[in-house]
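Please look at the sequence and the predicted model below before reading on. The report that comes after them is organised by topic.

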There are 4 protein chains.
Amino acid sequence: MNFTSDNWSGVHPAIAENLTRHAAGMARAYGQSDLDKRIEAKFSELFEREVAVFFVGTGTAANSLALAAVNRPGGVAFCHSEAHIVKDECGAPEWFTGGSRLQSVAGKAGKIDPKKLVRELRKFRPDFIHAGQPMAVSITQATEVGTVYQPGEIDAISEICRSKGIPLHMDGARFANALAGLGISPAEMTWRRGVDVLSFGGTKNGCWCAEAMVFFDPSAAKDLPYIRKRAAQLFSKTRFIAAQFEAYLEGDLWLELARSANAKAASLSEILRADLRCRLAWETEANEVFVIIDEALADEWIAKGLGCYKWPAPEDVVDSLAEHEIVLRFVTSFATGDGEVRRFAELVRGFPA
Amino acid sequence: MNFTSDNWSGVHPAIAENLTRHAAGMARAYGQSDLDKRIEAKFSELFEREVAVFFVGTGTAANSLALAAVNRPGGVAFCHSEAHIVKDECGAPEWFTGGSRLQSVAGKAGKIDPKKLVRELRKFRPDFIHAGQPMAVSITQATEVGTVYQPGEIDAISEICRSKGIPLHMDGARFANALAGLGISPAEMTWRRGVDVLSFGGTKNGCWCAEAMVFFDPSAAKDLPYIRKRAAQLFSKTRFIAAQFEAYLEGDLWLELARSANAKAASLSEILRADLRCRLAWETEANEVFVIIDEALADEWIAKGLGCYKWPAPEDVVDSLAEHEIVLRFVTSFATGDGEVRRFAELVRGFPA
Amino acid sequence: MNFTSDNWSGVHPAIAENLTRHAAGMARAYGQSDLDKRIEAKFSELFEREVAVFFVGTGTAANSLALAAVNRPGGVAFCHSEAHIVKDECGAPEWFTGGSRLQSVAGKAGKIDPKKLVRELRKFRPDFIHAGQPMAVSITQATEVGTVYQPGEIDAISEICRSKGIPLHMDGARFANALAGLGISPAEMTWRRGVDVLSFGGTKNGCWCAEAMVFFDPSAAKDLPYIRKRAAQLFSKTRFIAAQFEAYLEGDLWLELARSANAKAASLSEILRADLRCRLAWETEANEVFVIIDEALADEWIAKGLGCYKWPAPEDVVDSLAEHEIVLRFVTSFATGDGEVRRFAELVRGFPA
Amino acid sequence: MNFTSDNWSGVHPAIAENLTRHAAGMARAYGQSDLDKRIEAKFSELFEREVAVFFVGTGTAANSLALAAVNRPGGVAFCHSEAHIVKDECGAPEWFTGGSRLQSVAGKAGKIDPKKLVRELRKFRPDFIHAGQPMAVSITQATEVGTVYQPGEIDAISEICRSKGIPLHMDGARFANALAGLGISPAEMTWRRGVDVLSFGGTKNGCWCAEAMVFFDPSAAKDLPYIRKRAAQLFSKTRFIAAQFEAYLEGDLWLELARSANAKAASLSEILRADLRCRLAWETEANEVFVIIDEALADEWIAKGLGCYKWPAPEDVVDSLAEHEIVLRFVTSFATGDGEVRRFAELVRGFPA
């Protein structure tokens with residue numbers, strides 16, 4: 001029963017096989033192979049418009065380079081206080097941008113509160129350069145706490161961005177899980193809602209290292225080839241990232257894997273919801289479940305073989321915790337099996353089915 | 001007949017298979033898996049001393065982070081004027097170090113001339129801060145022009161480094177080819193000669209993306225975990241880099257592949273040496289062959305299907321070129337077959353065997 | 001009646017005269033003149049220990065270079081949420097450090113709450129590199145809201161720094177005003193309390209551009225000459241910064257000027273405290289007065305010639321503001337005259353004395 | 001007899017007086033005072049077109065920020081191999097640009113050879129991102145070796161820039177001396193010749209710290225306010241830089257001072273030219289004289305009180321030096337007196353007049 005993280009999972013067989021299938025032969029390096037070009041085109045098809053795509057090796061690279069692409073001197077990017085870019089990337093976004101600042105904005109359930117965003121943005125006036133200048137807003141979809149921005153919620157953020165003339169970035173490390181949760185199209189969850197740049201993640205959902213930066217306005221990416229190369233993210237044999245995406249996108253495998261992970265999370269969520277000793281911290285809308293639980297009980301489960309993560313309590317729930325309560329995070333992945341869910345149910349129930 | 005670059009080749013079957021073999025299952029992310037730890041230990045064994053190892057995704061990352069690890073304010077790193085770090089990395093080393101400078105040093109056959117290095121270093125005096133301060137010397141082994149530093153030549157450089165108190169970095173993108181060429185041990189080509197940090201490349205020699213930074217003094221790498229993470233080079237499923245190295249190092253596969261590539265280069269070299277219409281630019285000591293040739297003849301060969309690269313003539317040969325002569329580069333790899341070499345011989349000869 | 005900022009004031013006559021006195025003649029450039037050396041030594045005398053001193057041109061430079069001197073990869077520096085470095089320097093500290101992060105810590109009256117600092121620091125664990133690593137704490141003395149850290153309050157912060165092994169920086173843009181307020185010695189307010197690096201400001205208190213970085217452990221500053229030069233803060237005729245400090249420190253002029261400014265602030269404070277239509281936001285402990293006031297009344301005063309600044313309400317008072325209330329800031333300087341204070345009293349009272 | 005450097009000189013009395021004249025009173029900070037605005041306008045008048053002007057504190061800041069303003073990812077700026085930006089600024093230009101590269105271009109007499117510039121630029125092709133991309137050319141006027149680009153020579157460089165779509169920067173640390181040497185207008189030496197950005201220096205010619213960045217196309221400077229502030233070069237009391245320029249430009253004082261310095265250099269030049277024991281390295285066209293001389297004789301003069309600088313021999317003269325010969329640099333300034341020149345003549349001659 002290992003629900004520690006979806007990045008603890010391995011590689012989906014179809015993706016591993018595709019890597020092997022392309023292993024032989026010679027091909028142009030540095031993103032110029034036919035396979036690279038073909039898969040890049042596939043992204044335009046997927047998003048129903050011409051996009052500029054750049055393959056990179058890690059989600060941190062995708063996010064950081066996206067911000068580098070919209071960088072401004074004295075720039076400030078706004079994100080939720082739980083965002084991966086501000087909590088878990090060791091300052092990479094600031095470093096890739098030569099010192100821009102990430103400004104946390106609060107909001108319930110891992111989502112930026114539009115009113116609070118407006119309030120933060122008001123602190124920056126063109127005639128007061130000392131504060132710096134807004135350069136981007138970044139939202140995470142699915143969020144860090146397993147929820148999903150509804151289309152209207154993305155609209156609300158992107159309207160603010162438009163009114164301030166700053167781009168909207170979406171960290172889609174769990175893009176597939178969010179999409180599977182909402183049941184809309186990639187276009188409807190992104191550029192049709194005003195998203196300008198997307199970090200499209202494959203790694204957490206069955207690839208081994210496949211991330212794509214997607215620019216919905218290709219002209220905004222004209223310097224990206226240099227930015228990516230200078231950041232050591234242009235792989236010589238980049239076609240093997242393309243090969244991963246080829247298998248990943250083939251026949252909607254990616255959505256199938258995400259749906260599977262989400263379904264497993266829903267099952268865990270149900271199991272936990274039914275247990276009176278704990279309560280969900282937020283709704284389970286993708287492949288992560290967060291539960292508020294007495295630490296002793298959590299430790300008991302962990303001792304019995306449960307793999308999961310004690311999560312630092314975010315602002316919007318910290319005050320609702322009783323003395324010994326903590327937040328526990330469960331993450332499912334494409335590789336989570338029915339058996340694991342069943343064993344977890346047994347663990348919670350205290351006896352086998 | 002594709003001799004354009006060794007990074008046009010794919011992945012060796014044993015390495016592809018090993019990726020597949022490890023595809024299933026869960027394991028700790030971010031370099032903490034058993035496999036990661038085991039392969040890291042393997043490097044210490046390989047180099048006959050305890051080393052600190054960091055897996056990264058590209059050679060540019062390995063080189064740039066190595067320099068970042070030894071960075072100093074106003075720092076100047078010295079390298080040969082043909083070095084990859086100064087010619088082909090789009091400013092990544094400078095960017096990763098926040099603006100250090102790469103100072104080219106001339107030298108024949110792709111190797112830094114120790115006397116010229118001393119002369120350059122003399123320009124930097126502790127009491128003249130305006131010039132900045134030396135921070136490292138970087139040599140490439142095998143060099144960019146297919147030659148190999150002899151042990152004594154490395155000694156000469158490292159003695160200068162010691163006398164100035166600056167570390168010596170080795171860009172080993174073609175480390176295996178150099179080692180196969182010299183027939184000495186990894187230790188004898190590195191730390192026993194005074195090398196402090198090594199970029200150990202696997203990508204060009206049969207991996208798809210496997211590079212390792214090797215610090216011979218582990219204490220010099222104490223900040224590297226943060227430096228690597230901040231540079232977006234800590235892969236979540238880093239065990240798949242480890243898996244590549246596992247197969248790569250198993251049973252000396254890596255040296256076998258390098259020997260094969262070198263042998264093919266030797267054959268090309270012989271073929272070209274025998275042809276009176278061209279002459280070798282430098283000795284063929286690893287897996288690259290450079291020939292000085294009339295451009296018309298080169299174009300004829302290329303038109304007939306030869307894949308290779310017109311190389312900007314380096315300083316030490318540019319003056320020896322006749323009017324229409326150019327430099328042509330051939331690179332062989334683990335994947336270069338006997339058939340290709342034979343077809344090339346036929347092409348040069350003008351008729352089938 | 002101009003209380004907009006102390007940096008709107010000019011240059012004290014004694015300092016202007018001293019610039020003129022040193023105008024003629026030749027002297028070594030780049031900080032090597034006798035005058036430079038003599039004034040540097042004066043700082044060691046002033047602080048009763050050997051210090052390393054670096055003259056720079058702006059307070060932002062002093063603060064940013066101080067942080068650059070203690071920089072670490074993935075570094076996070078902690079400061080109060082109202083600190084100049086995080087609100088008013090356009091990202092300079094982040095930029096000078098190549099992307100370190102400033103983490104705001106709340107606290108009443110412009111001072112870091114030690115408990116909250118401890119809580120923030122707990123988020124960084126050596127085994128969790130994703131969060132980055134603490135690199136410094138920075139306090140502002142006098143604070144941005146006109147209060148002054150008491151000796152014991154500095155002790156509390158520096159003890160936390162010691163326990164975490166990170167240095168303590170003091171932004172002393174209004175160092176003289178704080179010192180005059182506390183009536184203790186420079187040593188007692190700094191290194192005897194655990195301060196490691198000080199930005200010693202002269203500009204706001206009568207110089208035109210004279211700031212000094214003071215390192216209480218000179219060995220911690222060994223790279224600073226390069227860091228400063230690379231940041232374009234090594235003036236060729238730096239002796240004219242030294243000349244400003246010479247006059248500034250002569251016969252305790254600096255403390256006299258600060259005492260005068262503080263006394264004027266105390267008078268403004270009294271006038272406002274006596275007026276029932278407003279209330280002080282915080283105690284007046286240096287040369288700044290903040291008052292909570294109905295915006296209409298503030299506008300009336302401003303219309304009648306009052307120069308001052310509407311200050312964005314900090315966290316610790318924002319909830320105590322009634323509907324139309326705002327925070328108004330008054331700053332006095334060495335140049336503030338009795339007449340201005342009297343005219344302000346008349347303005348508040350509504351009729352001449 | 002101190003000819004070490006023009007930055008060893010002090011401040012011209014008229015400039016010192018003007019600082020004192022403006023010392024009293026209150027004025028808007030951060031470049032918003034009436035005086036700032038008035039002197040900014042004066043620059044537009046001086047250059048006969050609307051320019052954007054930014055005052056900064058050091059020449060290194062002006063040069064580095066000029067390059068920061070035209071920065072590109074993987075950017076490479078071209079300058080002469082003797083240029084101050086590459087030899088004497090401790091990596092500031094690279095650091096301010098987050099790691100761009102300075103590429104030295106050879107040329108006689110301190111001037112970029114246009115043919116060699118073209119050859120260097122050819123190495124950068126839009127389809128080969130690995131090399132980076134050209135971002136600027138920087139010329140120094142007067143050059144580091146005391147010569148002056150003739151108008152036609154500037155034309156030749158700027159035409160190359162135009163053809164490549166990259167801006168031309170002029171480092172005018174000794175702008176006045178060059179202008180006085182050529183006897184043309186500021187416009188004729190800059191934008192009418194295709195110069196896009198100018199570092200206009202006042203410090204070496206009688207100011208204590210007054211440098212201006214001049215953008216001939218103001219729209220190219222729209223981010224400069226943020227860039228300058230973030231670089232800690234926005235002085236709060238910036239009006240005192242304006243005050244220096246006010247006096248400096250008043251009644252053509254600046255040109256008068258430069259003419260005086262140039263005349264003294266011409267006299268030194270004549271004295272040296274007449275001496276058979278040495279020979280000029282280059283023509284004396286501004287306020288610097290370089291002479292090739294036996295080191296023993298140089299040491300004799302220095303022992304007798306001559307202040308000057310042994311200059312590392314540049315490429316274009318190093319091969320013409322005899323065994324014991326070195327290059328000696330003499331710099332005159334606005335403050336160099338007739339007496340000093342006379343004493344030098346006596347020293348050379350070996351007896352008083």
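## Basis of the description

This is a predicted model, in which local features need pLDDT of at least 70 and side-chain atom pairs count only at pLDDT 80 or more, whereas totals for chains, interfaces and linings use all residues. Residues are numbered from 1 along each chain as its sequence is written, while chains are lettered from A and ligands numbered from 1 in the order in which they are written.

## Chain pairs

Chain A is superposed on chain B by a rotation of 180° with 0.0 Å of shift along the axis, at an RMSD of 0.0 Å, the copies being fitted by least squares on the C-alpha atoms of residues with pLDDT of at least 70 in both. That is the relation of a two-fold axis. The same surface serves both copies, since 100% of the contact residues of chain A recur in chain B; two residues are in contact if their C-beta atoms, placed from the backbone, lie within 7 Å. In this pair, 39 residues of chain A are in contact with 39 residues of chain B. The elements of chain A that give two or more residues to the side touching chain B are α1 (13-21), α3 (59-69), α5 (92-96) and α10 (224-230), where helices (H or I, at least four residues) and strands (E, at least two) are DSSP runs numbered from the N terminus. The largest share of that side, four residues, comes from α1(A). By class, the side of chain A that touches chain B has 20 nonpolar, 15 polar and four charged residues, with Ala, Val, Leu, Ile, Met, Phe, Trp, Tyr, Cys and Pro counted as nonpolar, Asp, Glu, Lys and Arg as charged, and the others, Gly among them, as polar.

For chains C and D, a rotation of 180° with 0.0 Å of shift along its axis likewise superposes chain C on chain D, with an RMSD of 0.0 Å. Here too the same surface serves both copies, as 100% of the contact residues of chain C recur in chain D. Contacts link 39 residues of chain C with 39 residues of chain D, and α1(C) gives the largest share of the side of chain C that touches chain D, namely four residues.

## Nonpolar cores

The largest nonpolar core has 247 residues, of which L65(C), I157(C), M213(C), V214(C), L65(D), M213(D) and V214(D) touch the most other members. Such a core is a set of buried Ala, Val, Leu, Ile, Met, Phe, Trp, Tyr and Cys residues joined through C-beta atoms within 7 Å. Apart from it lies another core, of 246 residues, among them C90(A), L117(A), A265(A) and I241(B). Leaving aside neighbours within four places in sequence, V214(D) is in contact with F43(D), F47(D), V51(D), V53(D), L198(D) and F200(D).

## An enclosed strand in chain B

Strand β6 (residues 197-201) of chain B has five of its five residues buried, so it is largely enclosed by the rest of the structure; a residue is buried if 20 or more other C-beta atoms lie within 10 Å of its own, exposed if 12 or fewer, and partly exposed in between, with C-beta atoms placed from the backbone. Both faces of β6(B) are covered, with V197(B), S199(B) and G201(B) buried on one side and L198(B) and F200(B) buried on the other.

Strand β5 (residues 168-172) of chain B pairs with β6(B) in the parallel sense over four bridges, two strands being paired if DSSP finds at least two bridges between them. Five bridges join β6(B) to strand β7 (residues 211-215) of chain B, and these two run antiparallel. L198(B) is the bridge partner of M170(B) and stands opposite V214(B) in β7(B).

## The four-stranded sheet of chain D

In chain D, an open sheet of four strands has the order β8-β9-β11-β10, with antiparallel pairing. Strands β8 (278-280) and β10 (309-311) of chain D stand at the edges, each with a single partner strand, so one side of each is left without a neighbour in the sheet. β8(D) and β9 (residues 288-294) of chain D pair over three bridges, and R279(D) stands opposite I292(D) in β9(D).

Helix α12 (residues 253-273) of chain D packs on the sheet, touching β8, β9 and β11 (325-331) of chain D, and its direction makes about 20° with that of β9(D); axes are lines fitted to C-alpha atoms, for helices over the stretch in contact, and angles run from 0 to 180 degrees between N-to-C directions. Helix α13 (residues 295-303) of chain D lies across β9, β10 and β11 of chain D, running at about 120° to β9(D).

## Backbone details

A cis peptide bond, with omega about -10°, joins Q141(B) and A142(B), and A142(B) lies in the loop between β4 (133-140) and α7 (151-164) of chain B. D252(A) has a positive phi of about 60° although it is not a glycine. D252(A) lies in the loop between α11 (239-249) and α12 (253-273) of chain A, and counts as exposed with 12 C-beta neighbours inside 10 Å.
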